[in-house]
Amino acid sequence: MSLAHRIIPCLDTDGARVVKGVNFVGLRDAGDPAELAARYNAEGADELVVLDIAAARDRRPTFLETIRRVAAELAIPLTAGGGIRSLEDARSVIRAGADKVTVNTAAVERPELLSELSAEFGAQAVVIAIDAKFKTDHWDVMVRGGRESAAMNALDWAQRAVENGAGEILVTSVDRDGTQSGFDIPLTSAIATAVNVPVIASGGAKLPQHFAEVFQRGQADAALAASIFHDSIQSIRELKQFLAEQQIEVRYPC
Amino acid sequence: MNVTLLDYGAGNVPSVQRALQRLDVTSERASTPAQIAAAKVLILPGVGHYAALIRALDENSLRQPVLEKINSGIPFLGICLGLQALYDSSDEAPELTGLQLFPGRVSTLPRTAKLPHMGWNTLQLQRESPLLDGISGKDYFYFAHSYAATPSNTKSASPAVAMSYHGEEFIAAIEYKNICAVQFHPEKSGALGARLLANFLRAAA
């Protein structure tokens with residue numbers, strides 16, 4: 001036996017409510033974060049991610065309250081992020097009940113942020129989120145919610161982020177996000193090969209087979225999805241049962 | 001029963017407190033020698049850097065009270081770093097001295113495996129243990145660490161009641177007299193984590 005492949009539901013919030021949209025645009029309401037967290041905790045989720053995708057300064061106290069409400073429902077690990085720009089931002093998120101923080105744009109602009117977070121909380125608490133988009137012959141790092149190119153190669157950035165202290169990589173395919181056409185297998189596999197930390201694949205999930213592919217061919221350690229779980233297109237328990245039947249190690253029964 | 005949680009600022013103290021609440025057990029956070037001296041049941045949660053825990057014990061003059069409490073025989077549970085701190089030292093901060101309750105040093109897991117060892121893994125049970133009552137080798141627990149107590153670096157695996165494997169075999173759970181410790185996070189390990197905490201509290205009652 002070895003590590004189980006993790007299934008991670010993601011709650012994209014506007015600070016207070018869960019929202020969803022395609023390719024980071026056209027948001028609509030998808031429920032109360034604490035209610036969804038309780039449901040996923042009971043259904044066998046291995047971990048939960050809660051993001052503040054608006055990350056507006058004036059909404060920050062609202063998001064911290066959301067983290068507190070979500071953490072109160074969970075007996076599994078919680079990762080929180082969105083708009084974390086400093087050690088102080090991360091500290092407030094962890095104090096509110098998150099076990100790990102995820103950083104994206106701020107780390108691209110100032111990679112030392114990763115070493116500061118890692119020194120304070122340990123590498124196991126620092127997740128680098130990389131939004132990647134295919135461009136001619138490589139994957140480009142996208143920032144500001146997937147809208148702007150950082151003109152960096154995603155594989156180089158992944159390696160540098162790990163050297164700086166990130167203990168896990170959450171890689172989202174901007175090309176696949178919201179399409180429900182399956183994870184980006186070449187991207188996930190390339191990232192997993194480039195680094196020696198766990199990799200969470202994100203963007204494009206719909207069918208159980210998509211998860212099997214990203215664990216087997218994509219070499220992902222964990223897979224993240226949002227709306228297919230929120231809309232009950234896919235139940236976490238049935239998904240894990242399917243994966244167990246495919247001889248993919250998962251925490252099942254859970 | 002009142003449980004004392006040693007609070008040195010580690011991120012998982014509130015999680016452990018919530019996990020105990022779900023078992024209808026109240027707990028108090030302790031950060032002074034007097035509070036530790038008053039403890040009837042002591043839990044040392046820990047996550048992050050080994051140095052942060054050891055320095056906090058020394059800077060707040062908690063090392064002696066903690067050792068005296070453990071040696072007096074009260075039920076003790078160390079979680080994650082709270083297990084690692086029981087040994088002589090750790091490669092994560094070689095200049096510091098641990099609580100020296102068990103011989104040996106904590107070392108990094110091999111780079112042949114992905115580090116940190118993060119996620120849900122199973123246990124290899126070593127012997128009968130009230131702490132692991134009702135828990136089998138098929139059950140998963142949540143780990144998040146890069147350093148561990150391995151049989152080769154701790155000379156003896158005798159206090160271990162469960163091992164786990166990530167690139168190398170390491171000590172996942174200890175039960176020795178009144179000292180319990182786990183490398184994984186029961187407060188983050190769902191229903192089975194709650195079961196382990198309940199087992200500890202039942203033995204402590």
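How many helices and strands are there in chain B?

1. Chain B has six helices and 13 strands; helices (H or I, at least four residues) and strands (E, at least two) are DSSP runs, numbered from the N terminus. This is a predicted model, in which local features need pLDDT of at least 70, side-chain atom pairs count only at pLDDT 80 or more, and totals for chains, interfaces and linings use all residues. Residues are numbered from 1 along each chain as its sequence is written, while chains are lettered from A and ligands numbered from 1 in the order in which they are written.

2. On confidence, the model scores ipTM 0.94 and pTM 0.95. The average pLDDT (the predictor's confidence in each residue, from 0 to 100) of chain B is 94, and 99% of the residues score at least 70.

3. Along the principal axes, the C-alpha atoms of chain B fill a box of roughly 45 × 40 × 30 Å.

4. Of the 205 residues in chain B, 56% are buried (20 or more other C-beta atoms within 10 Å of the residue's own, with C-beta atoms placed from the backbone).

5. The contact between the chains takes 26 residues from chain B and 26 residues from chain A; two residues are in contact if their C-beta atoms lie within 7 Å. Among the elements of chain B that give two or more residues to its side are helix H1 (13-22) and helix H6 (190-204). S7(B) gives the most, with five residues.

6. In chain A, Ile185(A) has its place in helix H7 (residues 185-194). Ile185(A) counts as buried because 20 other C-beta atoms lie within 10 Å. Leaving aside neighbours within four places in sequence, Ile185(A) is in contact with Glu213(A), Val214(A), Arg217(A) and Gly218(A).

Methods. Buried ≥ 20, exposed ≤ 12 C-beta atoms within 10 Å, placed from the backbone.
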